[in-house]
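Welcome! Please take a look at the structure shown here, and then read on for a short tour of some of its parts.

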Amino acid sequence: MLKSDLNIMNELVNLGRRETIKVTTGLLTGLVIAGSHLSLIARGPVWAVDLSTLTTSEGATLMAVARTIAPHDKLDDAAYALVVQALDADATSNQINRAMLKEGIEKLGPGFEASSEGGRVEALKKIESSQFFQSMRLKTLQVLYSSPIAYSYFGYEGEAFSKGGYLHRGFNDLRWLPEVSSEDSGPMPI
Amino acid sequence: MSSIDFHDSGAVVIIGSGAGGGTLAHELTRRGVKVVLLEAGKRQSTETFSQIPGEAFAQLTWLEARTQSGNWGVARDFPTLPVWHCKTVGGTTVHWTASTPRLQPWELRAKTTYGEIAGASLIDWPIRYDELLKYYEIAEKRLGVTRRNGVPGLPASNNFKVMYAGAKKLGYKQVHTGHMAINSRPADGRGFCIQQGFCVQGCKMGAKWSTLYTDIPRAEATGNLDLRAESTATRIEHGTNGLVNAVVYRDAQGKEQRQKARIVCVAGNAVETARLLLLSDSAKFPQGLGNSSGQIGRNYCHQITGFVWGIFDKPVYSWRGATLAGVIEDEVINEPKRGFVGGYRMELVTLDLPTFPLVGLPYGWGRDFSSIIEGYRNMAGMFINGEDLPRAANRITLNPNVKDAFGLPAANVHVDEHSNDQAMRKHAQGQMSKMYDAIGANRIVLGPTPPATHNLCTARMSADPREGVTNRWGQTHDIKNLFVSDGSALTTPGSANPTLTIVALALRQAEYISQEMKAGRV
């Protein structure tokens, strides 16, 4: 795993070892499910993400929005919590972002998180052209697929320079199609 | 490495250090010419290239504010990023994917070959093919292009095996791992390709050619180069005689500096090259510098692109291996029976996981959208690189409502696709879909046109000064000591990825400039 990925994972700490940070306005938390992609990289039985501007309930609504935008049923909640963490950081550093998120959450109403997927899709379709939804969509796509949990879930192996590339680690291991003739391919360099 | 005085009026000032500017700087300095090379971005190295896709994008990309308009898909899908090029020493040769085909002879005679086409502003190149060929051959040796001069091709990756099998089913003949400026074996003091993918994040092996670690350090070694990174040119000045004589720029501290110049060569990528010339208007040149024709910024071409993804039963792991090492060249023909003029290549491509949902897929969200990403492991990819038609109204202009960090108007990129462009993309995506279908894809997904990486023709070479900005040497028709040295000078785009042509033209231009300097004509 990359060093920077480990930094991301530091945010997903075991609750028991969680340090008290200065201002905590909300908390997203859940169990690390045995056999899940998160369990392969998490250090404890519980994950937690602190929020410093959004409340727990607001965070839960945004998590439900992220999961409706990019639903992957077997992808851990923690991966979606990272999206909320990034949104929370934006809301903390920028008043306009904070107002936009709070307004968007209010518009969706308290029942959003608990409604069926169909209900959530309908609710989001109604606000699809809003800045709130467009920002949510972009942030979800930017953060969700960049996390080590997602790398593991999708089987993506990421950078390979530190491991000598894929030259001897499967760049040409596909066997379910005919091989390429030598004149259209090239020799292995080593 | 040398330090050239701000008041030294004998130097050549080159703006931009990519394929055009970096090559030109080396070629002039090795001939004994003093060069100040201004580069807006920072200097990175194989050690400092980030391997985190989002971070690498921010490290290398030109991200100043831009606007766009027109009916092309990029305006809808990527409103804040019309074009994707670099802002770093080495320019776009740092993130390019190193495909280096040649233009075809008939592509240089676009107007003659395609005839008069309504809604297009086609002209022929003012250069004969054999003149260009000579420099292609030199450029291919310098870049170590595979499948030329006895350099072996790159070995086939999984993603290429899928492309190859599909192409053969459709009867295509010219299918191989490409002419690539990526070392298939150690050469030029650089390492070989270890198939790491991550070409776009900067090649940490240095196997992929870039001016960052070839021409620029070699130019520095001559003692004639003064490279100034983090230096953004804001204006080119001229004297009462109508010749350019200085470049004004902001240094790393944001302080305004003025470098005197004997000759100025602009190579800032087609959007910024046009913008800088437009920003340099004056009482004598009210439409912008070198713009008596009104052609600067017009005829903007970006080559037709568009992804096709095939999702299969079994894994492909498309991210393993050189990103673009595969091509089908059979459609690089002019066959109007297909419903359009001009040719296209089909090229291997993939995107890393974080980038794929953002750039590789059409706008979307929800179950159907995410189900495509579920197939990422089993997905193969290709895209089209085809010739788009120049149009006078497809152009770079200054947007007075949006300013950069220095308070200068940002560039607006306007593109209305010609129906020929749309017909070509449709044909190509149809062929690529047929290929994946022929070998049993479960699902085929057509992707959008990504932000343009091949930015061309905004100061095009023309025989007639009314039809372009520069002559056959990339020298502006209006001002003899002002040159354009990047893709802006291409007359038409053709269907070849442009870097090899940009390098060949820079090699040729360097010879011309040094001859003209010796003869005292510039």
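B:R395 stands opposite B:H414 in β15(B). This is a predicted model, in which local features need pLDDT of at least 70 and side-chain atom pairs count only at pLDDT 80 or more, while totals for chains, interfaces and linings use all residues. Residues are numbered from 1 along each chain as its sequence is written, chains are lettered from A and ligands numbered from 1 in the order in which they are written, and side-chain values use heavy atoms, leaving out hydrogens and water.

Strand β14(B) pairs with strand β15 (residues 409-414) of chain B in the antiparallel sense, over six bridges. Two strands pair if DSSP finds at least two bridges between them; helices (H or I, at least four residues) and strands (E, at least two) are DSSP runs, numbered from the N terminus. Strands of a sheet pair through backbone hydrogen bonds, either parallel or antiparallel.

Which order do the strands take in the open sheet of three strands? The order is β3-β15-β14 (chain B), with mixed pairing.

| Edge strand | Residues |
|---|---|
| β3 of chain B | 67-69 |
| β14 of chain B | 395-403 |

On average, neighbouring strands of this sheet are turned by 35° against each other, direction ignored.

Helix α5 (residues 129-143) of chain B packs against helix α12 (residues 499-518) of chain B at an angle of about 110°, with the axes 8 Å apart. Axes are lines fitted to C-alpha atoms, for helices over the stretch in contact, and angles run from 0 to 180 degrees between N-to-C directions. That angle makes α5(B) roughly perpendicular to α12(B) (the term covers 65 to 115 degrees). Among the residues that meet are B:Y135 and B:I138 in α5(B), and B:L500 and B:V503 in α12(B); contact means heavy atoms within 4.5 Å.

B:K87 lies in the loop between α3 (73-77) and α4 (110-114) of chain B. The side chain of B:K87 makes a polar contact with the side chain of B:E64 (2.6 Å). Its touching residues, not counting those up to four places away in sequence, include B:E39, B:Q59 and B:W62. A polar contact is a pair of N or O atoms within 3.5 Å; within protein, one must be able to donate a hydrogen and the other to accept it, and residues adjacent in sequence count only if both atoms are side-chain atoms.

Definitions and conventions: Angles under 35 degrees count as roughly parallel, over 145 as roughly antiparallel, 65 to 115 as roughly perpendicular and the rest as oblique.
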